[in-house]
Amino acid sequence: MVTSPSVPRLVVAAPSSGSGKTTVATGLMAALAGRGLAVSPHKVGPDYIDPGYHSLATGRVGRNLDAYLCGAELVAPLFLHGARGCDIAVVEGVMGLYDGAAGEGELASTAHVAKLLRAPVVLVVDASSQSRSVAALVHGFVSWDPEVRVGGVILNKVGSDRHEALLREALDSVGVPVLGVLRRAAPVETPSRHLGLVPVAERGAQAVEAVAAMAAQVSDGCDLEALVGLARSAGALGCAAWDASAALRSSPPPPLPVPASGTAAPEPPLSALNGPRPQTPDGLKRVAVAGGSAFTFSYAEHSELLAAAGAEVVTFDPLRDEELPEGTRGLVVGGGFPEVYASELSANERLRKAVAELALSGAPVAAECAGLLYLCRELDGLPMCGVLDASARMSERLTLGYRDAVAVSDSALAVAGTRMRGHEFHRTVVEPGAGAAPAWGMRAPERRVEGFVERGVHASYLHTHWASEPGVARRFVERCRTS
């Protein structure tokens, strides 16, 4: 059995959302980094926004650990990949400790991930409206699943010294140490809107100040030495760190569609991951990835897989750049908030035309959620790229949840029949919701088709994690070479 060096680690969880775990997790990351430790930041679940604050707190890429999107078997390897070279890792949980994918038991819950990581849990409790009852609450969470090790409690929103004394006295009977007490105070300024916190990329200096305030709260109210000691008690993990190149080598190439003649088309040569890679005429397979304030949602592993498959990954900002990066052979436009920046995106007419021309040429274009809106004809009445004959608009209805999907049409990402799990999170509507060749057929929770496959374009609301299906990145880069 492969055993990787043990990385000290903690999982910061809570009985429910709104208890203060983001403040504690981000503040703890920043406080430990301020002491000179290399801190690896992680987030349970598909959330893209919290990892931005984690990255600001630590100076490292915030990474997600999602047992639904990637499979339980990849949680520990992806964790070790992100934690390479670090002194300690802090993992922020999602929702309540035991809340997982709907109808799937513990799957993708914070408790599930903590067990997969063999990591101790610190429970953040909102104590603002209780005293002795806190013991019953903590006892319930400690005893619910004996395989989850709750190593300590941080009490949040404590009103006074007397309140603190009552809480500590009650918790003495549970046998769980109090590792921190945060007093009621003016909340750290982390503004929200229709999909949660405003991303770091949009807040600039304000985000820096917010993270500094979180660090000060945690440093003043928590026993950092005890927290580090608890992190060091985590056991070794019996697996190797995930590696993009190794993942591509072990992932079989997807079959090509069978042409009308009934004979299989020849497989194009794949990137030689163990040796020199085939080169395009200009020497590059340049993939442009949208970034900036309007497109902040992405998983770091996507770019790493593209690079391992032979691409040169270049980031550009659709709010500022009027041209695609020179030599662009493929385009990835992930999630974000184009609805907030619709006027600015629409005003950048030169870039919109460049995107449309690239798509019309047959080059591969992968668009998820915000990227789908950007490729539409219009968004809230404002002209977008016009790649898809569809219009998008804001809606009052929140669409949220995990999805079990299967590729309906052959595309630059996958062949029909490829099964992937994904996540939807938006307050917009695209009409029509699917093209003549849909991208995905949803198997659960409801059956429907969704998205668009046209020429080299694959556009959909579904957020996926390519580490679960590395061949997606390889197929995309090969399409860059042949388009």
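This report describes the fold, the packing and the salt bridges of one predicted model.

**Overview**

The chain has 483 residues, and buried residues make up 55% of them. Its secondary structure consists of 15 helices and 22 strands. Among the contacts in the chain with a separation of 6 or more, 75% are between residues 24 or more positions apart.

**The parallel sheet**

An open sheet is built from 7 strands with parallel pairing, in the order S3-S2-S4-S1-S5-S6-S7. Strand S3 (63-65) and strand S7 (178-183) are its edge strands, and each of them pairs on one side only. On average, neighbouring strands of this sheet are turned by 25° against each other, with direction ignored. Strands of a sheet pair through backbone hydrogen bonds, in either a parallel or an antiparallel way.

Within the sheet, strand S5 (residues 121-126) runs parallel to strand S6 (residues 150-158), and 6 bridges join the two. Leucine 123 stands opposite valine 153 of S6. Helix H9 lies across strand S1 (9-13), strand S4 (88-92), S5, S6 and S7, and runs at about 110° to S1.

Strand S10 (residues 286-290) is mostly covered, with 5 of its 5 residues buried. Arg286, Ala288 and Ala290 point one way from S10, while Val287 and Val289 point the other way. S10 runs parallel to strand S11 (residues 312-316), and 5 bridges join them. The bridge partner of alanine 290 in S11 is phenylalanine 316.

In soluble globular proteins, nonpolar side chains tend to be buried together. The largest nonpolar core here has 116 residues, and those that touch the most other members are Phe79, Leu97, Leu117, Leu155, Leu306 and Phe476. Helix H1 gives the most to this core, with 7 residues.

What is leucine 155 in contact with, leaving aside its neighbours within four places in sequence? The residues in contact with leucine 155 are Val125, Val134, Leu167, Leu171, Val178, Gly180, Val181 and Leu182. A second, separate core has 38 residues, including Ala294, Cys369, Cys385 and Val387.

**Two packed helices**

Helix H2 (residues 49-58) packs against helix H8 (residues 205-221) at an angle of about 75°, and their axes are 10 Å apart. Angles of 65 to 115 degrees count as roughly perpendicular, so H2 is roughly perpendicular to H8. On the H2 side the contact is made by Tyr53, Leu56 and Ala57, and on the H8 side by Ala207, Val208 and Val211.

**Salt bridges**

Side chains of opposite charge can pair when their charged atoms come close. The structure holds 23 salt bridges.

| Residue | Partner | N to O distance |
|---|---|---|
| Arginine 35 | Glutamate 225 | 2.7 Å |
| Aspartate 389 | Arginine 377 | 2.4 Å |
| Arginine 443 | Aspartate 404 | 3.6 Å |

Arginine 35 forms its salt bridge with glutamate 225. Arginine 35 lies in the loop between helix H1 (21-34) and strand S2 (39-44), and glutamate 225 lies in helix H9 (residues 224-231), so the pair ties together parts that are 190 residues apart in sequence. Arginine 35 counts as exposed because its relative accessibility is 52%, and glutamate 225 counts as exposed at 55%.

Aspartate 389 and arginine 377 meet through their side chains. This pair links distant parts of the chain, 12 residues apart: aspartate 389 is in the loop between strand S15 (382-383) and strand S16 (391-407), and arginine 377 is in the loop between helix H14 (370-375) and strand S14 (378-379). Aspartate 389 is exposed, at 59% relative accessibility, whereas arginine 377 is partly exposed, with a relative accessible area of 39%.

Arginine 443 forms a salt bridge with aspartate 404. Arginine 443 belongs to strand S18 (residues 440-444) and aspartate 404 to strand S16, so this pair ties together parts that are 39 residues apart in sequence. Is aspartate 404 buried or exposed? Aspartate 404 is buried, with a relative accessible area of 8%, while arginine 443 counts as partly exposed at 37% relative accessibility.

Salt bridges with shared partners also join Asp161, Glu164, Arg168 and Arg183 into one network.

Methods: Residues are numbered from 1 along each chain as its sequence is written. This is a predicted model: local features need pLDDT of at least 70, side-chain atom pairs count only at pLDDT 80 or more; totals for chains, interfaces and linings use all residues. Side-chain values use heavy atoms; hydrogens and water are left out. A salt bridge is a side-chain nitrogen of Lys or Arg within 4 Å of a carboxyl oxygen of Asp or Glu. Helices (H or I, at least four residues) and strands (E, at least two) are DSSP runs, numbered from the N terminus. Buried means under 20% relative accessible area, exposed over 50%, partly exposed in between (1.4 Å probe, protein chains only). Two strands pair if DSSP finds at least two bridges between them. Axes are lines fitted to C-alpha atoms, for helices over the stretch in contact, and angles run from 0 to 180 degrees between N-to-C directions. Contact means heavy atoms within 4.5 Å. A nonpolar core is a set of buried Ala, Val, Leu, Ile, Met, Phe, Trp, Tyr and Cys residues joined through side-chain atoms within 4.5 Å. Angles under 35 degrees count as roughly parallel, over 145 as roughly antiparallel, 65 to 115 as roughly perpendicular and the rest as oblique.
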